[in-house]
Amino acid sequence: MKNILIIIPARGGSKGIPRKNVRALNGKPLIGYSIKNALSIDFNQDVYVSSEDDEILNISKKNGAKTHRRPSKLSKDDITLDSVIFDAFQEIQKIEGKEYDFIVTLQPTSPLLKTESLTEALTQIIEDQSIDTIISATNDTHLSWRKEGEKYFPNHSERLNRQYLTPNYKETGGFLITRNSIISETNRIGEQVQLHELDAKQAIDIDNFEDWNICEYYLKRKRIVIAVSGYQEIGLGHIYNALIVANEILDHELIFFCDRKSELGLQKIKQSNYDCLIQQTNNLQEEILNLNPDIIIYDRLDSKEEDVQDFKKANIKLIHFEDLGDGAKHANLVFNAIYPEKKLLNNHFFGPSYFCARDEFILSNSISIEEEVSTILLAFGGVDPNNLTKSTLQAIVPFCERNDIKLKVVCGFGYKEMDSIADFKNVE
């Protein structure tokens, strides 16, 4: 098994955000996130924080890291990390009495870095002997310019859309992994370098209060799973309702989850560009639990008590829509806009006041009711499983023709009876 040394360099004299490394980010000191990442990977690693600052060293110990006191001469603003890491590496090797195969520089300013990313990079360099160094990076391809003297020049030969430009990667500061044969007082990067690409969220490196606020936002976000059904027999009303709710939730992560019958609903949700999963096993509850939600919005008709028991045991908050089943009694909130209230229940809200109206209705001006009818609009939802469209047309078309009334029909996403209404004349 390879010996791995993880060094977290943390100076006390940060300028952009005073006392940055020990400030509480979402209730936890910033440096605690990198320590947790370093300790959580499954390798033969030693985790050290290198600092000249007593408070940082003390907090680091409390969070489970070992500490290395950095010499004051290596704590100045103009000192590069190469010399800091090399000094710590040499001392720690003596303290631990072992030779390290890989040295990881893990910056404390990347609190959104995932343990999985660090694990993937370490696994790659251990398994591939040709790689000297792996650096975390993010794709930063844009139309860019450089300044030479007093003039500006493009870094591109022609103006193309981003996906057609030559990829350009920016180091994130998340981690730098190198072999022990590479590291020196002036260098940590070998000839054969591999970049480990991170998504934009993981790549955030805290330099200023704007970066800090963005990280705080992500760390406070909740994961909301919207469990919803929509198929030919029941229509797409639940799907449309769930989409209306989702469109109002901007500050949290949303994942739609459909039962295996709801392929039609899945298509509609994906048209709106939301992430959506569909049931793969016979245990729908377990699949939802595996998504680690903080909140479940449940819009699947009458739930059974056993449907929600596992969710309650996991202390997940439940919000149900249009649910008169036994499971609704255990939900934190229930909204039944289309049902009358038969008995008073805590946190259950009945009636049209709780109807979720789509934006086109909320944002439209109120219409005035005219005495004389000139146009009739028919709309029976996304599926119209009983083909009420045809039945209604059969009933009113003769009257409308005699009275010169226009007929307009809106057919929903899942309506499959277009042929049955094709012969009606003067119907748009």
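Modeller: Helices here are DSSP runs of H or I with at least four residues, strands are runs of E with at least two, and both are numbered from the N terminus. The model is predicted, so local features need pLDDT of at least 70 and side-chain atom pairs count only at pLDDT 80 or more, while totals for chains, interfaces and linings use all residues. Residues are numbered from 1 along each chain as its sequence is written, and side-chain values use heavy atoms, with hydrogens and water left out.

I start inside one helix. E216 and K220 form a salt bridge (a side-chain nitrogen of Lys or Arg within 4 Å of a carboxyl oxygen of Asp or Glu), and their closest N and O atoms are 3.7 Å apart. Both residues belong to helix α5, and because they are four residues apart there, about one helical turn separates them. E216 has a relative accessible area of 17%, so E216 counts as buried (under 20%; exposed is over 50% and partly exposed lies in between, with a 1.4 Å probe and protein chains only).

K66 counts as partly exposed at 37% relative accessibility, and E96 is partly exposed with a relative accessible area of 23%.

Now the pockets. A pocket is an open set of points on a 1 Å grid over the protein atoms alone, where a 1.4 Å probe fits and protein lies on both sides within 12 Å along at least five of seven lines; its lining residues have an atom within 4 Å of a point. Points are joined across faces, edges and corners, and the volume is the space filled by probe spheres set on them.

The second largest pocket brings us back to α5. This pocket holds about 690 Å³ of space. It is lined by 19 residues, and those closest to its centre are L112, K114, K201, Y218 and L219. The helices α1 (30–40), α4 (115–127) and α5 (209–220) each supply at least two lining residues, and α1 gives the largest share, with three. The lining of this second pocket has 10 charged residues (Asp, Glu, Lys and Arg), six nonpolar (Ala, Val, Leu, Ile, Met, Phe, Trp, Tyr, Cys and Pro) and three polar (the others, Gly among them).

The largest pocket has a volume of about 910 Å³. Of its 32 lining residues, G237, Y240, R358, G381 and G382 are the closest to the centre. Two or more lining residues come from each of α6 (237–247), α10 (359–362) and β19 (375–379), and α6 gives the most, with five residues. By class, this lining divides into 20 nonpolar, seven polar and five charged residues.

Two separations across the chain complete the picture. L39 is placed in α1, the helix that gives the largest share to the lining of the second largest pocket. L39 is partly exposed, at 40% relative accessibility. From L39 to N387 there are 348 residues in sequence and 61 Å in space, taken from C-alpha to C-alpha. E401 belongs to helix α11 (residues 388–402) and is partly exposed, at 45% relative accessibility. The C-alpha atoms of E401 and V427 are separated by 9.9 Å, with the two residues 26 apart along the chain.
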